[in-house]
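Here are my notes on this one, written for someone new to reading structures. Have a look at the model first, then go through the points.

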Amino acid sequence: MNAHRALAERAVAYVCADPSTATASQLRLDQLVADATRQGHTVHTRVCDPDPATVPLHLRRGWATVVGAVEAGLADAVVVRSLSDLAVEQCDRIPIRGWLETAGAQLVTLEVSVPDGSWPALKGGTPCNGRVLAASSCADPQVQDYAAVRSSVRLGRGLVEKCLAMWGWAAETSVVADVCLLTDELLANAILHGCRNPADTITMRVECDADRVQVSVSDPSSSMPRPCSPAADSESGRGLRLIAEVAEQWGVTPRADADKSVWFAVSLPGRTSAS
């Protein structure tokens, strides 16, 4: 479906891994999100699939996240650069459009060429597409390693609270409480699903610019997270769904050393003077 004809309120941006480097893959994803935003789509979930387009769609780890977001009712569309990202030769075996229609979503292909000269802000680090990128105008990012134990959730939350206070955000605002809650979910998911034993290490990174904060947590597992719809009496399974519903954006970024980073970003109104 043409992106100009139907605008998605919530969309998943999906790209396959670049054959060269993880950095190139992330840039390609950033470009896709920026193009979709300019055409009126609200990209909520971003997936950079670690498996290339040559792998059948139903076997790709990142595609499971897309399916989970759609089936959990968190996305109205899947945005791709072109059908090549969906491995067209596999579409006969996997009726992608029929499945999306059944799930109440649409497939959007942008298929536009973007000259390198149109990306000076992105290459310079300005968060022009909603993602908080390191830039000279941003506060220094805070990075901390934690052991894969439950007590690390409390320690990580404490770091986020400290960072927000240091950067001048009012602790009593509800959006700061949301950031702390989502941080708890990221850390708990990384410990529970991304680590095999307490000897493993997770890494949390907190970034902030003038009006936006991004928290990311990296774990040693290459398995991509997938939102699900747990039973009403289930005590788990709601973490990613909560992140997708509360955060403005979230996504999964594969890393060069075969692990991954899961992140979310939230705007922070009501800044106060830092003490």
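1. Start with the buried residues of H5: Ser152, Val153, Gly156, Leu159, Val160, Cys163 and Leu164. They lie on the same side of H5, because they cover an arc of only 130 degrees around the axis, the arc being that of the directions from the helix axis to the C-beta atoms. Buried means under 20% relative accessible area, exposed means over 50%, and partly exposed is in between (1.4 Å probe, protein chains only). Arg154 and Lys162 are exposed, on the other side of H5. Here's the general idea: an α-helix has 3.6 residues a turn, so residues three or four places apart point the same way.

2. Before going on, keep in mind that this is a predicted model, where local features need pLDDT of at least 70, side-chain atom pairs count only at pLDDT 80 or more, and totals for chains, interfaces and linings use all residues. Residues are numbered from 1 along each chain as its sequence is written, and side-chain values use heavy atoms, with hydrogens and water left out.

3. How far apart are the end C-alpha atoms of H5? They are 23 Å apart, which agrees with the 22 Å that the 16 residues of H5 (residues 151-166) should span at 1.5 Å a residue. The expected span is 1.5 Å times one less than the number of residues. Helices (H or I, at least four residues) and strands (E, at least two) are DSSP runs, numbered from the N terminus. After H5 comes glycine 168, with a positive phi near 95 degrees.

4. What do the buried residues of H5 pack against? Their partners are strand S5 (142-147), helix H6 (174-193), strand S6 (201-208) and strand S7 (212-219). Contact means heavy atoms within 4.5 Å.

5. Now H5 with H6: they pack at an angle of about 145 degrees, with axes 9 Å apart. Axes are lines fitted to C-alpha atoms, for helices over the stretch in contact, and angles run from 0 to 180 degrees between N-to-C directions. Residues of H5 that meet H6 include Val153, Val160 and Leu164, while those on the H6 side include Val176, Leu187 and Ile191.

6. Of its 275 residues, 51% are buried. Among contacts with a separation of 6 or more, 73% are between residues 24 or more positions apart.

7. Threonine 253 is buried, with a relative accessible area of 15%. Leaving aside neighbours within four places in sequence, threonine 253 touches Gln26, Lys260, Ser261 and Trp263.
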